[in-house]
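Hi,

Here is the structure I promised to send over. Have a look at it first, and then read my notes below.

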Amino acid sequence: MVSLETTPALQLPVIDFTSPNLKPGTVEWDSVRGDVRRALEEYGCFEALFDKVPVKLRKAVFDVSEEAFQLPLETKKRVVSKRKYRGYVGQIPSLPLFEVMGVDFAENEDKVNEFTHKLWPQGNGSFSEAVMSFAEKVSELDFMTRRMIMESFGVNENYSEKHLNSTKCLVRMMKYQGVEETEEELGMEAHTDRNMLTILCQNDVKDGLEVRTSDDKQWIKANPSQDSSFIVLGGATLHVLLNGRVLTGVHRVMRMGTNTRFSAGLFSVPKTENLIYAPEELVDAEHPRLNKPFDFEAYFQFTTEGPGRRDVAALRGEPQWDLTKADVQKALQDYGCFEASFDKVPIELRKSIFKALEEIFDLPLQTKLRNVSKKPFHGYVGQYPMVPLYESMGIDDSDVVDKVEAFTEKLWPQGNNSFSATIHSFSKKLSELDITIRRMIMESFGLVKYIDEHLQSTNYLLRVMKYTGPDTEETKLGLNAHTDKNIVTILYQNHVEGLEVQTKDKNWINVKPSEDSFIVMIGDSLHALLNGRLHSPYHRVMMTGTETRYSLGLFSIPKAGHIVSSPDELVDEEHPRLFKPFDHVEFLKFYYTEAGQRSQSALKTYCGTGM
């Protein structure tokens with residue numbers, strides 16, 4: 001739901017490495033070194049003019065790439081590696097245009113020949129020679145760039161030499177299929193590279209690579225300006241090694257047009273026996289150590305294959321945590337919500353949860369009415385003339401086994417273990433995402449010391465919802481426009497659309513999440529807690545057609561008796577206190593009174609200071 005402009009007018013810095021006098025200790029070296037540092041500090045990347053790779057070699061690399069990708073799929077799969085992006089990767093449903101082959105230890109003749117013979121048992125000298133020559137030539141630019149970076153930050157020469165010898169070369173050849181459509185399609189999702197430095201060149205299909213600006217607002221088209229151009233990107237490991245002094249280049253590939261795009265990249269990758277950590281020269285009172293020492297291969301596996309692939313909770317302390325945290329803050333400031341990719345909820349559990357919803361809503365009405373609560377909107381809701389398509393039920397403390405079983409026994413006195421297990425498991429998994437997001441939010445506003453207290457001040461309510469299809473193509477109201485009153489809401493739905501969110505300028509967005517994503521939304525209580533820093537959006541459900549829409553939401557809710565109050569750190573002359581301290585349960589009771597329902601903003605009416 002966050003839209004960033006792609007801006008052709010913006011350009012990456014262009015740095016010329018072609019001078020024959022570009023050697024350490026010369027004026028030219030010092031000048032280029034300063035340009036490299038500024039580019040990596042401000043953009044995390046730059047365009048390098050480097051003429052040591054002949055045009056003939058560039059063409060040879062793309063020729064052998066095309067030859068390799070034209071091999072049958074079963075042949076390409078002979079070089080599949082246990083380590084992602086080493087070997088062949090392709091046929092990814094979410095990235096259908098993308099294929100890649102990665103040759104590890106590309107500077108080593110035996111390793112390259114071993115890779116080649118897996119694809120061509122009879123050998124292919126052209127392929128091996130092109131890969132090794134490319135690795136050898138581009139490594140010169142890699143070494144030069146990293147030496148300059150180390151020098152610019154005052155790292156001693158012995159450490160620099162040790163660093164340069166601590167890496168190996170990974171050459172990746174990438175293919176992005178052309179598209180027939182006139183609109184852009186995603187070739188590769190936005191990401192940062194995990195390694196030290198990435199150096200890319202591409203064929204004559206120039207459009208495709210885009211780099212995000214440091215303010216996260218725009219994308220720069222990284223179209224090379226000359227035939228001798230390479231795009232140099234700082235990786236997450238370099239960011240850690242330099243204690244956060246340089247940025248990691250967030251980049252993606254967008255495809256338009258029918259021509260196939262080939263690119264080749266040299267990735268400087270730490271060897272497995274070396275721990276990554278910032279040298280003492282880069283750690284002081286102004287720049288405390290940001291990251292603990294870590295093993296690159298373990299980190300790489302964790303963030304590409306393990307739970308860290310999409311589990312933002314697991315990225316704390318890694319560069320990706322800060323990037324994701326910034327995205328979360330911006331989305332919630334601008335929209336009050338976003339679509340979250342989160343793979344901790346297995347596919348089977350996702351399927352089971354909708355079977356459970358069908359099962360519970362198929363119960364007789366008199367059975368469903370047993371779901372009662374003293375708290376408004378925590379029990380069964382349905383049979384309302386104003387919203388006849390809507391039914392919902394609430395399960396308090398759905399992350400607690402005993403509470404879920406007690407709820408289940410009210411509806412099925414004989415018990416229903418399958419239902420209980422599904423509800424509890426789903427809630428526990430989703431609570432991990434809730435905790436991660438709230439931790440990120442608190443960090444974003446400098447409230448680290450309040451995080452534990454805040455997380456302990458809430459419980460969970462799981463609301464399961466059913467919207468009956470209106471049996472007409474005319475749009476009918478499923479649920480009135482409203483803001484949520486809790487802290488954070490995380491929604492998941494079946495394939496039937498209907499959710500709409502209102503933007504700050506009063507337009508309605510149709511929300512169309514993918515089947516493996518969740519909608520995260522801010523409630524009024526968090527809006528008040530953060531003294532209005534985040535937007536609490538109006539949303540509604542509009543229904544058409546005959547299909548039933550099932551959805552469920554995990555609501556983090558302040559505990560009874562807990563007083564919601566903005567910390568003093570968020571109150572100043574520019575941001576006067578907007579809301580008096582309040583009890584969430586009492587606020588909820590007010591919301592369901594006639595006065596609360598008539599009010600344009602129940603929160604402001606109930607506890608606003610008038611500021």
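**What I found**

C45 has L233 in β11 as its bridge partner. Around that bridge, strands β3 (residues 45-49) and β11 (residues 229-234) run antiparallel and pair over five bridges. Two strands pair if DSSP finds at least two bridges between them; strands are DSSP runs of E with at least two residues, helices are runs of H or I with at least four, and both are numbered from the N terminus.

Before going further: this is a predicted model, in which local features need pLDDT of at least 70 and side-chain atom pairs count only at pLDDT 80 or more, while totals for chains, interfaces and linings use all residues. Residues are numbered from 1 along each chain as its sequence is written, and side-chain values use heavy atoms, with hydrogens and water left out.

β3 and β11 belong to an open sheet of eight strands with mixed pairing, in the order β2-β3-β11-β8-β13-β6-β5-β4. β2 (14-16) and β4 (87-89) are at the edges with a single partner strand each, so one side of each has no neighbour in the sheet.

Contact means heavy atoms within 4.5 Å. Among the residues that meet are W29 and L40 in α1, and M144 and I149 in α5.

Best wishes
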